[in-house]
Amino acid sequence: MTAENPSSDRYEFGANWASFIDNHYSAERRRAAAHKLLSFLGKDSLEGMDFLDIGSGSGLHSLAAFDAKAGRIHSFDFDPLSVRTTARLRQLAGEPSNWTVEHGDVLDFDYLDKLGTWSLVYSWGVLHHTGAMWQAIENAAGRVAPGGLLFIALYSSNVVKPSAQFWLDVKRRYNAANASQRRRMEYWYIWRFGLGQNPLRLPQLLRQIYEKKKGRGMSYMTDVRDWLGGWPMEFADDRAVVDYLMNRFDLIRISTGEACTEFLFRCTSEVKARRS
């Protein structure tokens, strides 16, 4: 995930991702990231495709694209620490010449125009954290070449419980809290939502934590902090996302999870990002 200018009213996404790579990166996670990416795309490899990673976060998904044999890869993030963390994974991959990493903003039209169009534009769990979600979706869509793919994941208002407003209030309080207050909120989250206020569910939670270690994304606690802290934040109605893009994209696949809905679209015509 990404963040705009890190400040007191924005969560430290880059610091969270750097900690994740420092403490939880593994070859198993690397393999899982590539498998998950290709599985959702319905492909055996990305040969013959290029990959634009909007809000690269840890860089793990860009690394997955490299492992999946994508041609040209470009990763950018607004958070400087995320940029450095992504660059670390590029270095781990041998600093391939076909993979570039830099600081950039999905809301910056001039920057995006310089990038051109891509056969696969990817942005997982990012666009809803920009403070201008629909413009960010529009701008990402504008980078997709005709016939290309747009793979985005957005927090869904259709599945979140207890409610979107509940979590927006929690996120505001978490970001205003000091370190000890944040730690107490993390314990509260684990008790209420991890254990369901039932200590007998501890074995189930421990299994969930173990499974997280093998996954492509975050560790359990990285995920908890990212969920509580992720700000700015907007939720998207799944149908509204499809309707917004339907005149220029065909929906290929949709997958609804616990919080994020994944969308895979194919561009049916040349798309130009509209300026608000």
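Rings of Phe, Tyr and Trp (its six-membered ring) pair if their centres lie within 6.5 Å; planes under 30 degrees apart count as stacked, over 60 as edge-to-face and the rest as tilted. One aromatic cluster is formed by Tyr155, Phe166, Trp167, Trp188, Tyr189, Phe193, Trp227 and Phe235. The model is predicted: local features need pLDDT of at least 70, side-chain atom pairs count only at pLDDT 80 or more, and totals for chains, interfaces and linings use all residues. Residues are numbered from 1 along each chain as its sequence is written, and side-chain values use heavy atoms, with hydrogens and water left out.

**The sheet**

- Helices (H or I, at least four residues) and strands (E, at least two) are DSSP runs, numbered from the N terminus.
- Two strands pair if DSSP finds at least two bridges between them.
- Seven strands make an open sheet with mixed pairing, in the order 3-2-1-4-5-7-6.
- Strand 3 (99–103) and strand 6 are the edge strands, each pairing on one side only.
- On average, neighbouring strands of this sheet are turned by 15 degrees against each other, direction ignored.
- Axes are lines fitted to C-alpha atoms, for helices over the stretch in contact, and angles run from 0 to 180 degrees between N-to-C directions.
- Strand 4 (residues 118–124) pairs with strand 5 in the parallel sense, over six bridges. Leu120 has Leu149 of strand 5 as its bridge partner.

**Strand 7 and its neighbours**

- Strand 7 (residues 260–267) has seven of its eight residues buried. Buried means under 20% relative accessible area, exposed over 50%, partly exposed in between (1.4 Å probe, protein chains only).
- Strand 5 (residues 144–155) pairs with strand 7 in the antiparallel sense over seven bridges. Tyr155 has Cys260 of strand 7 as its bridge partner.
- Strand 6 (residues 249–256) also pairs with strand 7 in the antiparallel sense, over seven bridges. Ser255 is bridged to Glu262 in strand 7.
- A hairpin of three residues joins strand 6 to strand 7.
- Cys267 belongs to strand 7. Cys267 is buried, at a relative accessible area of 3%.
- The C-alpha atoms of Cys267 and Gly148 are 5.4 Å apart, although the two residues are 119 residues apart along the chain.
- Leaving aside residues up to four places away in sequence, Cys267 touches Val144, Ala145, Pro146, Gly147, Gly148, Arg248 and Phe249. Contact means heavy atoms within 4.5 Å.

**Aromatic pairs and charges over rings**

- The count of aromatic pairs comes to 21.
- Phe249 and Phe265 are an edge-to-face pair, 6.1 Å centre to centre with 70 degrees between the planes.
- This pair links distant parts of the chain: Phe249 is in strand 6 and Phe265 in strand 7, 16 residues apart.
- Phe249 counts as buried because its relative accessibility is 2%. Phe265 counts as buried because its relative accessibility is 1%.
- A charge sits over a ring if NZ of Lys or CZ of Arg is within 6 Å of the ring centre and within 35 degrees of the ring normal.
- Arg248 lies over the face of Tyr244, 5.7 Å from the ring centre.
- Arg253 lies over the face of Phe40, 5.9 Å from the ring centre.

**Helices**

- Helix 3 (residues 60–67) lies across strand 1 (51–54), strand 2 (73–77), strand 3 and strand 4, and runs at about 170 degrees to strand 1.
- Six of the eight residues of helix 3 are buried: Leu60, His61, Ser62, Leu63, Ala64 and Ala65.
- Helix 4 (residues 80–92) lies across strand 2 and strand 3, at about 165 degrees to strand 3.
- Helix 6 (residues 133–141) is mostly covered, with eight of its nine residues buried. These are Met133, Gln135, Ala136, Ile137, Glu138, Asn139, Ala140 and Ala141.
- The buried residues of helix 6 pack against strand 1, helix 5 (109–115), strand 4, strand 5, helix 11 (238–245) and strand 6.
- Helix 8 (residues 179–194) packs on helix 10 (residues 220–229) at an angle of about 105 degrees, with the axes 11 Å apart.
- Helix 8 is therefore roughly perpendicular to helix 10. Angles under 35 degrees count as roughly parallel, over 145 as roughly antiparallel, 65 to 115 as roughly perpendicular and the rest as oblique.
- Helix 8 makes this contact through Met185, Glu186, Trp188, Tyr189, Ile190 and Gly194, and helix 10 through Tyr220, Met221, Val224, Arg225, Trp227 and Leu228.
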